Amino acid sequence: MPKIRKVLVANRGEIAIRVMRTCKDLGIATVAVYSEADRSALHVRTADQAFFVGPPPSRESYLVQERILEVAKQSGADAIHPGYGFLSENASFVRACEKAGITFIGPPAAAMDAMGEKTRARANMIKAGVPVVPGTTEPIATIEEAREYAQKIGFPIMLKAAGGGGGKGMRRVEGMGDFDSAWRSAKSEAMSSFGNDAVYIEKYLEKPHHVEIQVFADQYGNTIHLNERECSAQRRHQKVVEETPSPILTAEMRAKMGEVAVKAAKAVNYVGAGTVEFLVDVHRNFYFLEMNTRLQVEHPVTEWVTGLDLVAMQIRAAEGEKLPLFEAPAPRGHAIEVRVYAEDPARNFMPSPGKIHALRVPSGPNVRDDSGVFAGFTVPNFYDPMISKLSVWGATREEAIARAKRALSEYVVKGITTNIRYLHGILSHPEFVGGDYDTSFLTRQHTELLGEEDPKLSEVALLASTLHAFQRDQKRAKTLPSRSGGGDASGRISPWRLALKSRRR
């Protein structure tokens with residue numbers, strides 16, 4: 001197969017930049033696409049070329065297949081990397097790329113059909129003899145059928161989007177009183193995120209661990225796994241902190257789960273990077289949950305402990321190269337990733353879009369910050385509020401935790417509210433430090449993780465803001481024209497009066 005010369009990255013933010021960096025390392029030109037809300041975004045500035053694709057809502061821009069393909073043809077891109085989210089698990093888009101003669105950097109459409117649709121994946125795994133969480137093997141057509149099935153398997157249950165992941169279109173339901181509203185919101189979010197409102201039901205396991213296995217395959221049937229990632233620190237079914245190796249897995253359990261994950265990928269003739277996700281119960285039994293047929297947000301921790309560039313491996317697999325290794329490498333050291341969001345944990349994690357006035361990102365040995373923002377950038381309210389992925393490596397888990405906490409203490413974002421202090425609370429909590437935390441950890445410890453504000457620090461902040469307002473208004477007063485009332489002998493308005501007015505506003 002010919003070498004890829006130019007890649008269109010059909011995504012935005014940090015993942016678009018992440019892919020572009022590897023492309024540049026490989027000498028491959030890059031093309032960005034952007035919506036009206038992303039005109040000044042960092043991924044637009046990073047690419048060699050950038051093309052406008054529509055209004056801010058993703059369904060009118062990033063999800064419009066025809067526009068993405070039109071840009072690929074116009075720019076001369078011979079390949080498309082989808083990142084994650086958006087069109088990354090859309091089999092019809094893969095087929096459209098094939099029809100247009102453009103290489104899709106990801107699995108073939110048939111594999112995506114088999115595993116990208118979550119209910120179909122469950123059915124395929126049952127046929128292959130892989131243990132799965134009890135639930136439906138087809139999307140449920142009506143709310144009446146859904147109610148009947150939920151009562152049959154018993155609450156609590158999970159409503160899950162069949163066409164995508166990332167916590168979108170997912171709702172935990174405790175009883176029939178909450179079912180109808182959860183059904184409507186799950187379908188609505190699934191349609192908004194994936195253009196597919198199909199939903200299925202799965203039994204909710206009590207206090208499970210969420211452990212996933214990274215798999216990789218080439219076009220010649222060679223398939224390996226690259227060990228696991230512990231993803232149990234979740235909020236609203238979306239991962240917040242990830243680490244590898246998992247603190248609960250033994251070498252034997254890792255080998256068994258890896259074997260099952262490879263079996264799952266081979267069953268559908270998979271190619272490229274994929275992730276097989278499992279739930280592990282309190283007895284350390286594991287069950288197939290789903291397969292994400294794309295690169296994962298948390299892939300940096302795998303790169304830390306294996307020394308591999310997964311995006312480079314994706315590109316080489318798409319070019320027809322064989323895998324560079326044929327067995328799972330032993331994990332080297334320990335890696336942790338935290339997701340920094342523009343949100344306010346104290347206000348029920350409400351997104352906090354707005355302009356970033358100042359930004360300082362962590363650095364130092366074995367610290368990596370994958371970001372899509374900069375000082376002066378306005379975080380839009382149309383997309384997921386994650387602004388960066390901060391990951392670290394340590395020789396031991398204890399060292400990695402200490403380094404992650406140190407890095408978070410260096411992170412400064414002014415102008416918007418972030419979850420940085422909340423993340424520090426997670427890494428400091430005894431349950432996380434102990435290693436045996438489940439998917440309900442963040443919900444169960446919510447109040448404690450928020451922490452208490454120091455009243456002395458609040459007082460210092462108030463005094464500092466007052467002084468800043470006075471100094472700002474003093475400078476402004478020197479440029480204001482003379483006006484009657486409140487002026488001094490020279491006709492200027494007293495800066496103290498301006499500062500007072502500013503405080504009243």
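Are Arg18 and Glu303 buried or exposed? Select the two residues: Arg18 is buried, and so is Glu303. Their side chains meet in a salt bridge, with 2.8 Å from N to O. The pair links distant parts of the chain, since Arg18 sits in helix α1 (residues 13–25) and Glu303 in helix α10 (residues 299–306), 285 residues apart. Keep in mind throughout that this is a predicted model.

**Confidence**

Colour the chain by pLDDT. The average for the protein is 90, and 92% of the residues score at least 70. Now select residues 484–491, where the pLDDT is below 50. Beyond near neighbours in sequence, this stretch has eight contacts in the model. Next select residues 498–505, where pLDDT also stays under 50. For these residues the model has 13 contacts beyond four places in sequence. Where pLDDT is low, the predicted coordinates should not be read in detail.

**Helix α3**

Select residues 65–75, which form helix α3. Show the side chains of Gln65, Ile68, Leu69, Val71, Ala72 and Ser75, which are buried. Why do these residues share a side of α3? They cover an arc of only 155 degrees around the axis, which puts them on the same side of the helix. An α-helix has 3.6 residues a turn, so residues three or four places apart point the same way.

Turn to the other side of α3, where Glu66, Glu70, Lys73 and Gln74 are exposed. Step just past the end of α3 to Gly76, which takes a positive phi of about 85 degrees.

**Nonpolar cores**

The largest nonpolar core has 63 residues, and the members that touch the most others are Leu8, Ile68, Ile80, Val241, Ile426 and Leu427. Centre the view on Ile426. Not counting residues up to four places away in sequence, Ile426 touches Val240, Val241, Phe432, Phe441, Leu442 and Leu449. A second, separate core holds 30 residues, including Ile15, Ala32, Tyr84 and Met313.

**Backbone details**

Go to the peptide bond between Phe155 and Pro156, which is cis, with omega about 0 degrees. Pro156 is in the loop between α7 (143–153) and β6 (157–161). Another cis peptide bond joins Thr244 and Pro245, again with omega about 0 degrees. Pro245 lies in the loop between β11 (238–244) and α9 (251–267).

Two other residues have a positive phi without being glycine. Phe86 has phi near 50 degrees and sits in the loop between β4 and α4. Phe86 is buried, with a relative accessible area of 18%. Asn227 has phi near 70 degrees and belongs to strand β10 (residues 223–235). Asn227 counts as buried at 3% relative accessibility.

**Salt bridges**

Side chains of opposite charge can pair when their charged atoms come close. In this model the count comes to 35 salt bridges.

Select Lys3 and Glu319, whose closest N and O atoms are 3.7 Å apart in a salt bridge. Lys3 lies in the segment before β1 and Glu319 in the loop between α11 (310–318) and β14 (334–341), so the pair ties together parts that are 316 residues apart in sequence.

The side chains of Arg235 and Glu343 meet in a salt bridge, 3.1 Å from N to O. This pair also links distant parts of the chain: Arg235 is in β10 and Glu343 is in strand β15 (residues 343–344), 108 residues apart. Arg235 counts as buried at 13% relative accessibility, and Glu343 is buried with a relative accessible area of 3%.

For the last stop, select Glu212, Arg229, Lys239, Glu242, Glu277, Glu298 and Arg339. These residues are linked in a network of salt bridges.

How values were computed: Residues are numbered from 1 along each chain as its sequence is written. This is a predicted model: local features need pLDDT of at least 70, side-chain atom pairs count only at pLDDT 80 or more; totals for chains, interfaces and linings use all residues. Side-chain values use heavy atoms; hydrogens and water are left out. Buried means under 20% relative accessible area, exposed over 50%, partly exposed in between (1.4 Å probe, protein chains only). Helices (H or I, at least four residues) and strands (E, at least two) are DSSP runs, numbered from the N terminus. The arc is that of the directions from the helix axis to the C-beta atoms. pLDDT is the predictor's confidence in each residue, from 0 to 100. Contact means heavy atoms within 4.5 Å. A nonpolar core is a set of buried Ala, Val, Leu, Ile, Met, Phe, Trp, Tyr and Cys residues joined through side-chain atoms within 4.5 Å. A salt bridge is a side-chain nitrogen of Lys or Arg within 4 Å of a carboxyl oxygen of Asp or Glu.
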